Amino acid sequence: MIKNFLNKLPKKQAKSAEGRDGGSSTLSSNASTTSRSNSASGARSGNVNSTGHSGNNSTQYSGANHGSKFHDPLHNKVNGISPPVPYEALPSFRDVPSAEKQNLFIRKLSMCCVVFDFTDPTKHVKEKDIKRQTLVELVDYVSSANGKFSDTVLQEIVRVVSVNLFRTLSTQPRENKVLEGLDVEEEEPLMDPAWPHLQIVYEFLLRFVTSPETDAKLAKRYVDHSFILRLLDLFDSEDPREREYLKTVLHRIYGKFMVHRPFIRKTINNIFYRFIFETEKHNGIAELLEILGSIINGFALPLKEEHKLFLVRALIPLHKPKCIPMYHQQLTYSITQFVEKDCKLADTVIRGLLKYWPITNSSKEVMFLGELEEVLEATQAPEFQRCMVPLFRQIGRCMSSSHFQVAERALFLWNNDHIENLIKQNRRVILPIIFPALEKNARNHWNQAVHSLTLNVRKIFADVDPELFEECLLKFQEDEGRDEEAKVKREATWRRLEEIATMKGTSNEAVLVPRKASTTRPSS
């Protein structure tokens, strides 16, 4: 009875295919499909993860007999203690007939699905070198391919890329970090010890995507949404070399796989949303914005509502995080691209800048003024007139800043011919707003450079419209007189309060200060 029961249990699958006609040139298709489904799961950063990626892996090639038996190294778990057995170099593509090159290519791909532990450089030195040489050969093969890649080849290419690249990213501890832009920039980036292999895998992926032999209609079954999602996750890598490769690869995928374009844009949006409103921690914002700058440049006119919403909901709020110095240059480029595409968006952008304008961060304020100049340079008169009142109230505050770099950067706006012309055309609205700041700077700003720039701006207004300048000067003097009167009254009130307090200081009686006769009394 027990024997009958044991016979019904499923038997274990053999770890390597049995030889057929003296050997076997391929593993069962079962193992290949199982490996593809398993390759998406699990972290692969520290260990050599081979158990979850079984497939068409080969380690021996028997010359003319292409059906010879070979072992699958991926069935051997490589965890940094013992190397895969055996892991030997396959022959070069030059040493086999043309008809067998594709089979050899697939076997080399499967062989490269073994991921080694690079945290210890003394382990598996020979195997790592064999894999590196094999990866280089694969890059050369893809670059020189002269026939469309088959469905099987595409599947194996995506599998080897997924196994090697998609892993849990190692990060530095952030407990004591202050995410101020300059502090983050000064930190040493974390360099991935596996980069010598990762770089070749990235180069292989790039050559594959850009190859004319890669049929996008066929390849999109494997370079799918899941693949792109995991690729975008890697942008949080702390290694700048990896992010640079990712930027190029994703840009090429966006260009080749048109069907994936909306998904890529949506996923980048989601990364931005999480960064802005939740974490304010991400290493690849600058690279993603650089890709978007190129994408925005190619938008057709008129702009779709989807693209305008992206500007309002994602790009403009990116001015909020403290670490904006890390990506401000790329952000400015992307935003000015929108304004150059559709000048009517200038008002939206400028009001968005004013919404997130820094109050206590002077270095960030200088960056905002630089970005504002670039936006204003692409702004036309109608849009300028819509936002000039709140805009020049803020510029006036910047001109009055005790931080000389902020005041200096604000006054530099008059060095731009286009902006100067816009200001001159609307001087009757703008000069009364900024005149107090100009006059106070000219009288008593401590920095000589700011003082000189202020005098130059005053002279521009005085030369263009002397009458308006005199009007503003008289009004300023009147306001100054009223302010002085209010100051005298305020000081007199405080003196009176002190005198009464002194007189009644010894008693516990409450001190009441009679108000001056007011001009109006509230009705009962």
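Me: Which residues is Phe105 in contact with, leaving aside neighbours within four places in sequence?
Reply: Phe105 is in contact (heavy atoms within 4.5 Å) with Phe93, Leu138, Tyr141, Val142, Val153, Ile157 and Phe204. Keep in mind this is a predicted model, where local features need pLDDT of at least 70, side-chain atom pairs need 80 or more, and totals for chains, interfaces and linings use all residues. Numbering starts from 1 along each chain as its sequence is written, and side-chain values use heavy atoms, leaving out hydrogens and water.

Me: OK, new topic. How many aromatic pairs are there?
Reply: The count is 18, taking Phe, Tyr and Trp rings (the six-membered one for Trp) with centres within 6.5 Å; planes under 30 degrees apart are stacked, over 60 edge-to-face, the rest tilted. Among them, Trp357 and Phe368 sit edge-to-face, 5.5 Å centre to centre with 80° between the planes.

Me: Where in the chain are those two?
Reply: Trp357 is in the loop between helix H15 (346-355) and helix H16 (362-377), and Phe368 is in helix H16, 11 residues apart. Helices here are DSSP runs (H or I, at least four residues), numbered from the N terminus.

Me: Is Trp357 buried or exposed?
Reply: Trp357 is buried, at 8% relative accessibility, and Phe368 is buried too, at 0%. The cut-offs are under 20% for buried, over 50% for exposed and partly exposed in between (1.4 Å probe, protein chains only).

Me: And what about Phe404 and Trp446?
Reply: Their ring centres are 6.0 Å apart with planes at 80°, so that pair is edge-to-face. Phe404 lies in helix H18 (residues 404-411) and Trp446 in the loop between H20 (427-444) and H21 (448-464), so the pair ties together parts 42 residues apart in sequence. Phe404 is partly exposed at 31%, while Trp446 is exposed at 57%.

Me: Which rings link into a cluster?
Reply: Phe384, Phe392, Trp414 and Phe461, through ring pairs.
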